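Look at the sequence and the 3D view, then read on.

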Amino acid sequence: HTAGATGTGNSQYSGTVALATNSATGGYELRDMTRGTGGTFGANVVTNLNHATSGNGTLYTDADNTWGDGANYVEGSSTTAANGETAAVDAAYGVQQTWDYYKNVFARNGIDGAGTATYSRVHYSNSYDNAFWSDSCFCMTYGDGSSFQTLTSIDVAGHEMSHGVCARTANLTYRGESGGLNEANSDIMGTMVEFMGHGGGTTTIPNYTAIGGTISTVGGVVPAANYLIGEQLETSAFAHPLRWMYKPSLDGKSPDAWSTSLKRLDVHYSSGVANHFFFLLAHGSQIDAFSGNIQSPMANGVTSVAGIGNDKAARIWYRALTVYMTSSTTYAGARTATLSAAKDLYGATSAEYNAVNTAWLAVNVK
Ligand code: ASN
Ligand code: ZN
């Protein structure tokens, strides 16, 4: 038999979370009976690859519907236990939150807009330092990390799932400027999901140890949502976030402003200009509350940008992505797409429209 249930998850990155599970013969399954249908498993599930690099993995099951407790608690790259349930908890929570974010904010029914279920595979390969979305399986996959901790933080989950949304909408080609915009879309939406999931500020979590860098001050708690990407993954070997939306150049590779050579960079660096645009549009150019730093100097003599807030900025970006951008959209095209979206949503004489214009000017997209 099957009957939806609510389990308790002891996550690595988000504290104790409620998980939508399924009561089945012989125990509970990490199968969400409330979001998504069809697809490979008929519902959103999490599977264990147990260090394989192919296959659908084995569906997670648990006797008591408390996940990631006792012997099932495993963290980080030295995973040796049979099931390593902690990674599965964060992966399930990431899908739940991302699914709900798109539904609640944009009335989007899942990744493809038609409610097709997805799945998450954890414990991919050995010490694998990445996570990825794949259109062919309509699923996302997480490594256990080596320089990084297990790659299942909420912003990374939202990032990967948003690659699926992009593929079903603008389908931005993954190279050149369109590739940078594809990556930025994932960073932007992953960050918005983090603001929803961690928006309540700090929460005590039992098994989280933060290491090194600026994040060390929050050891033992979930850090408040921020415009950093992957900050919870850090280790002493990689003691900083993956990316900084408020000043992308802090990674040593990403420009803060557009130039003609941007298109030649790896898409994870050419994304920085759009991340910076979004930060300025949403947050504004005042001192960043999380880091205490001012973001990079702005281009074209722009001295300040008044932020319009995450919610409006995200609505503009999402409408631009889903209505105006195409596979070949460039940065210039992203500017006109977001201006068109702002005009549709708020009007051509609105503060929101003007903020879009100024934020692009500040990153040298004219
Ligand atoms: N985690 C990476 C990403 O989603 C994988 C890749 O390089 N595509 O961007
Ligand atoms: Zn990506």
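## One residue to start

Thr34 counts as partly exposed because it has 14 C-beta neighbours inside 10 Å. The cut-offs are these: a residue is buried if 20 or more other C-beta atoms lie within 10 Å of its own, exposed if 12 or fewer, and partly exposed in between, with C-beta atoms placed from the backbone. This is a predicted model, in which local features need pLDDT of at least 70, side-chain atom pairs count only at pLDDT 80 or more, and totals for chains, interfaces and linings use all residues. Residues are numbered from 1 along each chain as its sequence is written, and chains are lettered from A and ligands numbered from 1 in the order in which they are written.

Where does Thr34 sit? Thr34 is in the loop between β4 (31–32) and β5 (44–48). Helices (H or I, at least four residues) and strands (E, at least two) are DSSP runs, numbered from the N terminus. Beyond its neighbours within four places in sequence, Thr34 is in contact with Gly4 and Ala20. Contact here means that two C-beta atoms, placed from the backbone, lie within 7 Å. Thr34 and Gln96 are 62 residues apart along the chain, and their C-alpha atoms are separated by 9.5 Å.

## The whole chain

The protein chain has eight helices and 15 strands. Of its 366 residues, 54% are buried. Take the contacts between residues at least 6 apart in sequence: 62% of them join residues at least 24 apart.

The domain assignment gives domain 1 (2–168) and domain 2 (172–366). Such bounds come from an automatic or database domain assignment. Across the boundary, 26 residues of domain 1 are in contact with 31 residues of domain 2. On the domain 1 side, α2 (154–167) gives the most, with eight residues. By class, that side has ten nonpolar, 14 polar and two charged residues. Ala, Val, Leu, Ile, Met, Phe, Trp, Tyr, Cys and Pro count as nonpolar, Asp, Glu, Lys and Arg as charged, and the others, Gly among them, as polar.

## The core

In soluble globular proteins, nonpolar side chains tend to be buried together. A nonpolar core is a set of buried Ala, Val, Leu, Ile, Met, Phe, Trp, Tyr and Cys residues joined through C-beta atoms within 7 Å. The largest one here has 95 residues, and Ala88, Phe278 and Leu281 have the most contacts inside it. Helix α1 (residues 85–106) gives the most to this core, with ten residues. Both domain 1 (2–168) and domain 2 (172–366) give residues to the core, so it lies between them.

Phe278 belongs to helix α5 (residues 272–282). Leaving aside neighbours within four places in sequence, Phe278 is in contact with Ile188, Met245, Ala313 and Trp317. Eleven of the eleven residues of α5 are buried, so the helix is largely enclosed by the rest of the structure. These elements are among those that cover its buried residues:

| Covering element | Residues |
|---|---|
| β15 | 243–244 |
| α4 | 267–270 |
| α6 | 310–324 |
| α7 | 331–346 |
| α8 | 351–362 |

Just after α5, Gly284 takes a positive phi of about 90°.

## Two crossing helices

The axes of α1 and helix α3 (residues 176–197) come within 9 Å and cross at roughly 100°. That makes α1 roughly perpendicular to α3, a label for angles of 65 to 115 degrees. Gln97, Thr98 and Tyr101 in α1 meet Met192, Val193, Met196 and Gly197 in α3.

Technical notes. Axes fitted to C-alpha atoms, helices over the stretch in contact; angles between N-to-C directions. Parallel < 35°, antiparallel > 145°, perpendicular 65-115°, else oblique.
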